[in-house]
Amino acid sequence: MITLPVFFFLYHALVIVGLSLVTVSRRNPVHSVLFMLIIFFHIASLYLFLNAEFIAAIQIIVYAGAILVLFLFVVFLLDLRAEEHADKYSMSQPAGAVLALSLFAVLASTMRGFVLGPHGIYGIEKITEMTHTKAIGTVLYTKYLFPFEVASVVLLVAIVGAITLAKRHTKS
Amino acid sequence: MSAYLLIPFLPLFAFFVNILFGRNFIKGQAHWIAVPAVTVSCLVSWVIALKMFMSHDPQIINEDLYTWISSGGFRASVGFLIDQLTAVMLIVVTTVSMLVHIYSIGYMHGEKGYYRFFSFLSLFTFSMLMLVMANNILQLYFGWEAVGLCSYFLIGYYYEKKSASDAGKKAFIVNRFGDFGFGLGIIMIFLTLGTVHYAEVFGSIGTLTGQGIVVLGFQMDVITLIALLLFCGAVGKSAQLPLHVWLPDAMEGPTPVSALIHAATMVTAGVFMVARFSPIFNLSPVAMAVVAVTGAFTAIFAGSIALVQRDIKRIIAYSTCSQLGYMFLACGVGAYGAGIFHLYTHAFFKALLFLGAGSVMHAMGGELDIFKMGGLKKKLPYTYWTFLIATLSISGFPLLAGFISKDEILFLAFASGTTVGKFVWVVGVITAVLTAFYSFRVFYLTFHGEFRSDIEEMKKHAVEHGHDPHHLLHEAPWTMRIPLLLLAFGAVTAGWIGIPAALGGHNKFAHFMEPVVGHPEVHAGHATEYILMALAIAIFIGGLLFARHMYITNRDLADKMAKKFSFAHYLLWNKYFIDELYHFTIIRPTMWVSKSFIVGFSDGKIIEGIVNGVPRAIGQISGFIRHVQNGLVHRYATVMGFAFLAIVAIAFIWR
Amino acid sequence: MTELGTNVLGYPILSLVIFLPVAGAVMLLFINRSNAFLIKLMALIVSIATFIISLPLFFRFNMNTYGMQFVESRAWIPAWNVNYALGVDGISVLFVLLSTLITILCVLISWEAITNKLKEFYIAILLVEAAMIGVFCSMDFFLFYIFWEAMLIPMFLIIGVWGGPNRVYAAIKFFLFTLVGSLLMLVGIVVLYTYSGGSFSILELDALTYPYNMQMILFWAFFASFSVKVPMFPVHTWLPDAHSEAPAAGSVLLAAILIKMGAYGFLRFSIPLFPDAAVAMTPVMLTLSVIAIIYGGIVCFAQTDLKRLIAYSSVSHMGFVTLGIFALNTQGLEGGILQMVNHGIITGALFLAVGAIYERTHSREISDYGGLATVTPVFAAFFMIFTLASIGLPSMNGFVGEFLIILGGFAASKIMGVLAATGVIIGAAYMLWLYQRIFFMDEGPKAAGLTDLNGREIAALLPLLVLVFWIGLYPNAFLGFMRVSVQHLIEQVDLAKATALAASMK
Amino acid sequence: MVPLYWYMLLSAAVFCIGVYGFLARRNVILMFISIELMLNAVNINLVAISHYMEDLAGQILSFFVITVAAAEAAIGLAIIIALFRNKETVHVDEMKEMQG
């Protein structure tokens, strides 16, 4: 019995999985990145479906807006013409396939027995009542304040690191 | 401080002065320090000894200077004992040492290591005096080793020569074999009696009578074991069979050294030791028999080798071996007094023989082969006459020192009334024949007949070696002649204090020594003694005439004899192949074990094999494993992924 | 900890002796590398100062007690009950003094021999000194182990950086051998710690009695560490390599002090802590010792390398030491301890002398020498005396030690005593042969034109010469230090012997 | 209502594709993209569980994951640029200087 939510989910799942396969098998990195973009949008949509508007927004802003653009920049920065003719797959491709399949089998079989823990206080009603962003904010800035600060430090380090690494060393 | 301390410590002082300042300051004047020191020490010795000799109740000095080693129950001191035995030894040592010191002034003149020679000579005198004056066994051992060391230095005096440095080393090591037993003997004495001081040892040795001990699986009498172990040391030091091999080689040293160390004093330390430990030996008939038989065998063995040798010093060295055999023979039949008496007379005539030989060498430019000499009588009158006296004395010319002491030994051996005594007497008599023969052989070949070398050649040779050719075929300087004359006097008269009662004397020497070494049993009367004396004189004359016949009147006879008894000659000429025997049984196997077995196999292959093999194996394994680490991220990730899977799988199985 | 006795001096002398070299090493860090003379002078001053500071140990030592003296104790890591506890008794005090003395001589002998990285070299020397003294003074197992291992590092560097052509191999071999051994000891220490309920104090552990089987296992664990250091027979092969490749100062430190630590360990730990095991293992230990004596001696005949020969002779001489120790009687133990000092002096001196000549010729081959007695008479005289001391000539120190050891060994086991005595013959043979090949006979290829010892080198050898005769002629001055301590040790062992006897009677 | 198990299956599938991509591709950029896929798979899981558990902790965690992903992308891409500048390649199997 295919209800609307089920159909909605199946559509997203199909697109995400299908495009993921396409992404990892494209020769041209630009294509991969663009397929990735579509995947991200679908994932964001899935988040909305799961009542996580804020995460969905972040998914689009950060992932689609920032990270993928960064990827594109890099791909454009590098001269990848040789890539057109080079061998696409590494020596571990068969091993990767075996590993991925067996991993999937393991995961799928274990997840079947997954039992949810006790429910928290943020039911759908509560989130609708105080809006999702506010709910996230309340938790993030109280209970998870310290990790949040650490995350900001991580970002700072990443910025400094990225600049240092990518900077062209001038010999003087 | 008592005056007797001057006796050993003056030479020690001379040693320090010479060795410290000799090389840079004293140089050729070293004798001005050494000779006065030894002379004073000699005078003090004579005073002390004469005082004892004259007194009816001699005062015996026995004092500890300080405690040397003390550990648990073990205690040994540096101390001095001067009794009758020591007094005799003091006279022998200091007198001969003084004369040799004086002789060396002339003999060693102009040598590069003049100061070194004198310092070691003084050190030797000190060591020998410490040996004879010790009041405990450990100090005796100290002197024992110290004289060996000086002997090592002085034999190897010409250390540039391989043969000389070899000989020194050989002397030291062979002696170490003897000292091995000696040391164990000291340890046995301490472990059984709890002391190493003479007085206490001799006082309590009787308590060990009849006690047994198991050594290496053999049941042995304790006293016999101790006595035999001590005797090992004596065998080494006094060059008795089978450890005699070092003495002939020791002749590589300068001749005064041979006279002092290897004839008069150091080599007699073994006899002194046996006499000193007579209370121990007396309690063990087995050990006594061993001593007597060893002495007898050495006497005839060394005497026979001396028959055919050509090197003048080696002949005298074998003669020394042989004479030392007599002394042990005497000790072995209980006649310690006679043994010491012979030691005392032997010191004079044997030192004289060596110094005479030195004088001959001096005149011959260092030549040692008696077949290249001859007719030196006219060129070297002093040497000739003194050498003659020494030869007469050693071969038993009536009433000379050697005759009296040797006769006493043979008589006491004969009269001891034991089978061993009779046996060694026979051997001793045969040896006496040999002695007379080879002594005169040397004498005739050296001084009589015609000169058998080319004087011009010798001169050339001397110049080539940077020597003064004017010495050649000339009598030595006065510094060398005086000791010869004094020793000749000694070789004649030294025996007169021990003239036996049979000849109307009182044998004062034997009585003097009695408190220390006791008196041997005598089972024969004067009549027997007269017969034996007559026999001795006959032997002397026989040996003399035979030598004269062979080397003066009938020159071809020697060669004919050598041809006729070619095997015997071959055996004697090669000294019974004892050196070779040791070479093949001790030196070669040791070197083989060292080189091939230990270095090549057990250290090299087994231990190092494991030691290096384990790291090498680890290295190889890790070298193999290293290939996993190939730098490929994919490979790492794959391995990681499969490892994760494996962990999950294990988790599944173990759930 | 107060019952240990009080420090008669009123100041922490042992800490001073340990940390003055460390302070000196730190000061050296701040000296300009280019100022070589100042560096050397500084090292010399520090080492001499350390020696002078250590002298009260000699003069103020109370010979009438076996207890620890000059003790210091501070809680260090209270959580684990680790204390900074120092003290010396009759067994260890001589080694502290020997260490401080030898270090001066090492500095002197390296004066011109070491030219590259000399700042680091002297720092390493001073650090080795500190660690060595620390080992001998520690009364806490934790502290002991730290010093024990700390010493390895600078020593490893001394061999590996300033050594001969094959130095890296030798250094690594040295390091691995000793490390493998000491790891087993670490396990042993941990076992002791847990068994005692959390104490590292050597004195407290000493007072406990352990079950027989545990004693056995721990004895062997400690044996692994100590026997490598000594070195005893099957694990001796690092020594020739380390000795021959190390620079002169390194060889001297190794020979004089480092390898004494193994024997010291037996005396300080194996015997008092595990007396029953020690008594039971006596035959094995005596056998190994005698094998070392004879084996080490015979192998000397095949050596062509000067330093290797002396190194193997060390194996032989240390065999005497362990023989004396495991004879477990007064003469053996006193002889063993004295012989440790003696061997430090003699072999230290031999390596100093060899170092002096190696500095001139850069050859260790015996065949390169010959006739040196003419070229360098003073050197020959010094070498002769140390050679004679080494072969145990009476009136020199080697004799006293060897004699007491053979006496003790013979009392413990006749056959072992007899076999050990053959070592004396062998020793004389190879040392005199060595001397003959170097100093006598014709001048060898490297002998010509050598200069004799200079004042600095004589100054380095002279103190040892004095000690050779001092100990040789009046050993009581030194035996007196250990007398009471050895007596105490013997009492512990006798108790064990009695229980063993009682057990065998049942 | 869509069961949680479906979300988890989806997440597992995407994750495994990411694993496959990471192992199979030589191009270092594609490997990075694969990593991003895996991170997203995790995020899907987190958000889904958070939703079903009615607890925000999962979403907060996914928020951090996104943060770290951003940092990782920045650093990683900087490394790629630096590497490409030196090696003129984006193929990971040609970069094996770090082997033992």
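This is a predicted model: local features need pLDDT of at least 70, side-chain atom pairs count only at pLDDT 80 or more; totals for chains, interfaces and linings use all residues.

Modeller: Chains A and D share the most contacts of the four pairs of chains in contact, where two residues are in contact if their C-beta atoms, placed from the backbone, lie within 7 Å. Residues are numbered from 1 along each chain as its sequence is written, and chains are lettered from A and ligands numbered from 1 in the order in which they are written.

To the contact of A with D, chain A gives 75 residues and chain D gives 60 residues. On the side of chain A, two or more residues come from each of α1 (4-25), α2 (29-49), α3 (53-77), α4 (93-111), α6 (132-142) and α7 (145-166); helices (H or I, at least four residues) and strands (E, at least two) are DSSP runs, numbered from the N terminus. That side has 58 nonpolar, 13 polar and four charged residues, with Ala, Val, Leu, Ile, Met, Phe, Trp, Tyr, Cys and Pro counted as nonpolar, Asp, Glu, Lys and Arg as charged, and the others, Gly among them, as polar.

Chain C meets chain B through 44 residues of chain C and 41 residues of chain B. At least two residues of the side of chain C come from each of α12 (275-299), α14 (330-361), α15 (372-375), α16 (377-390), α17 (397-412), α18 (414-439) and α20 (476-505). The largest share is that of α18(C), with 13 residues. By class, this side of chain C holds 30 nonpolar, eleven polar and three charged residues. Two other pairs do not touch: the nearest C-alpha atoms of chain A and chain C are 29 Å apart, and those of chain C and chain D are 21 Å apart.

Within chain C, helix α13 (residues 306-327) packs on α14(C) at about 170 degrees, with the axes 7 Å apart. The two helices are therefore roughly antiparallel. Axes are lines fitted to C-alpha atoms, for helices over the stretch in contact, and angles run from 0 to 180 degrees between N-to-C directions; under 35 degrees counts as roughly parallel, over 145 as roughly antiparallel, 65 to 115 as roughly perpendicular and the rest as oblique. Residues of α13(C) in this contact include His317(C) and Phe320(C), and those of α14(C) include His343(C) and Phe351(C). The contact has twelve nonpolar, nine polar and one charged residues.

As for confidence, chain C averages a pLDDT of 88, and 98% of the residues score at least 70. Residues 1-5 of chain C fall below 50, and this stretch has eleven contacts beyond near neighbours in sequence. Chain D averages 87, with 96% of the residues at 70 or above. The model as a whole scores ipTM 0.74 and pTM 0.81.

Note on methods
pLDDT is the predictor's confidence in each residue, from 0 to 100.
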